[in-house]
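Dear colleague,

I am handing over the structure below, and my notes on it follow. Please read them with the model open beside you.

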Amino acid sequence: MFYSKTAAVLLSAGLMITVLAPVAENLRATPEDTFPLSYYPMFSFKRDSLYSVYHFVGRDSENESINIPYKMVGTGGFNQVRRQVNKMVKEEKEVELIQKVAKKLERTRVEPYSLIEEVSLVKGTYHLEKYFSTDKQQPVRLKVIASQNIERP
């Protein structure tokens, strides 16, 4: 299929206008994100420097902290498990959730998870810039929501 120069210019101009049109949303007082022509607000919105997240931490016999991976908490990908945990906390089902994770840890034979003696559901608040740009990945605040001892035979 061959186009004339005029058709090619018009087609190119139309495509460029279509691709660049979402940029105008940044100039509006109340921008709207319209898929598929998105101006990507997830990258342009101002975010707080602190971010809180619920996660699980285990402790071994020497009181060393061991982060529990999301795959031991629920099914699905990271964000799906995170939403499941948030929902259970919101519904005040923390005890049920921590017991479920403790049972999984009781059955595991994989180190370091097989060495865990206590598991806790915590709400960690992290400074995002320091977390991702330095080696300071410790929380600014850590609140224990629920804990459960691990009982192995």
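Helix 4 has 14 residues and spans 20 Å from its first C-alpha to its last, close to the 20 Å expected at 1.5 Å a residue, the expected span being 1.5 Å times one less than the number of residues. Helices here are DSSP runs of H or I with at least four residues, strands are runs of E with at least two, and both are numbered from the N terminus. This is a predicted model, in which local features need pLDDT of at least 70 and side-chain atom pairs count only at pLDDT 80 or more, while totals for chains, interfaces and linings use all residues. Residues are numbered from 1 along each chain as its sequence is written, and side-chain values use heavy atoms, with hydrogens and water left out.

In helix 4, the residues E94, L97, I98, V101, A102 and L105 are buried (under 20% relative accessible area, with exposed meaning over 50% and partly exposed in between, for a 1.4 Å probe and protein chains only). Seen down the axis of helix 4, these buried residues fall within an arc of 135°, so they line one face of the helix; the arc is taken from the directions from the helix axis to the C-beta atoms. The face turned away from that buried side carries the exposed residues V95 and R107. Strand 1 (50-59), helix 3, strand 3 and strand 4 (141-149) are among the elements that cover the buried residues of helix 4, where contact means heavy atoms within 4.5 Å.

V85 touches Y54, F56, V73, L97 and L121, leaving aside residues up to four places away in sequence.
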